[in-house]
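Hi,

Here is the model I promised to pass on. Have a look at it first, and then read my notes below.

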Amino acid sequence: MKLEHIQIQTSNIQKTAAFYQDILELPIIEKTTGSVSIQAGNSILKFVEEPSFQSIYHFAFNIPENKLDEAVEWCRNKTDLIVIEDQNVITNFENWNAHAIYFYDNNGNLLEFIARHDLDNSENKAFSSKSILNISEIGIVNENPLELGNELISKYDLNFFTKNTNSEAFAAIGDDEGLLIMVRPNRNWYPTQTPSESNKTEIRLQNYGNSITLKF
């Protein structure tokens with residue numbers, strides 16, 4: 001499953017454009033007075049301005065499975081990585097066979113670089129913004145994640161993520177290429193103490209050749 005296009009909100013287009021262009025060094029492909037679209041590998045991340053918006057999103061980017069240590073050093077020159085414990089910034093998701101690091105954008109959104117070792121995407125080149133392969137996760141907040149997951153599966157022929165223990169509090173749909181991460185409201189976004197809130201989100205994804213548009 002591939003997350004082709006994600007549309008979310010920001011309270012400040014100018015600062016958001018500056019962060020993604022100047023800090024993460026991602027190309028801006030379209031910018032208007034009310035929106036900005038950013039190319040992130042094979043995905044597009046679009047922010048729409050809503051001046052009163054005060055909440056945050058969580059989303060992740062896939063990077064080459066052998067480049068997390070380089071990504072740590074690259075990020076440290078640009079932004080503060082979130083410490084997990086004992087000065088360690090890397091999380092080991094053993095069941096998912098993946099490692100990840102976390103940081104914030106200018107909006108306070110929780111961003112993640114994740115190296116999924118079951119993907120055949122290792123690279124020899126030094127890590128750079130061009131190593132950001134695609135949007136691999138977007139968080140969706142719903143009162144009943146498992147029920148929502150079953151609805152999406154029934155309607156769009158999707159599948160629960162087989163590496164995840166899906167429950168009424170936390171469920172994931174998709175695969176290592178792209179995931180919808182569904183959580184209950186007020187569940188803290190790992191690894192922070194920031195509670196999840198339901199925010200307007202639009203997603204265009206590809207699943208086995210089918211283009212699907214979802215609005216939450």
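Before the details, one term: by contact, or touching, I mean heavy atoms within 4.5 Å. This is a predicted model, where local features need pLDDT of at least 70 and side-chain atom pairs count only at pLDDT 80 or more, while totals for chains, interfaces and linings use all residues. Residues are numbered from 1 along each chain as its sequence is written, and side-chain values use heavy atoms, with hydrogens and water left out.

Let's start with Leu180. Leaving aside residues up to four places away in sequence, Leu180 touches Met1, Leu3, Ile138, Leu152, Ala171, Ala172, Ile173, Ile203, Leu205 and Leu214.

Helices here are DSSP runs of H or I with at least four residues, strands are E runs of at least two, and both are numbered from the N terminus.

Now helix 2. Its buried residues are Leu68, Ala71, Val72, Trp74 and Cys75. They sit on the same side of helix 2, because they cover an arc of only 165° around the axis (the arc of the directions from the helix axis to the C-beta atoms). Packed against them are helix 1 (13-23), strand 5 (58-63), strand 7 (98-104) and strand 8 (110-116).

Helix 3 (residues 145-156) buries Pro145, Leu148, Gly149 and Leu152. Their arc is only 100° around the axis, so these too share the same side of helix 3. Their cover includes strand 9 (134-141), strand 10 (170-174), strand 11 (179-183) and strand 13 (210-215).

Of the 216 residues, 49% count as buried. Along its principal axes the C-alpha trace spans about 45 × 40 × 35 Å. Among contacts between residues at least 6 apart in sequence, 60% join residues at least 24 apart.

Cheers

How values were computed: Buried means under 20% relative accessible area, exposed over 50%, partly exposed in between (1.4 Å probe, protein chains only).
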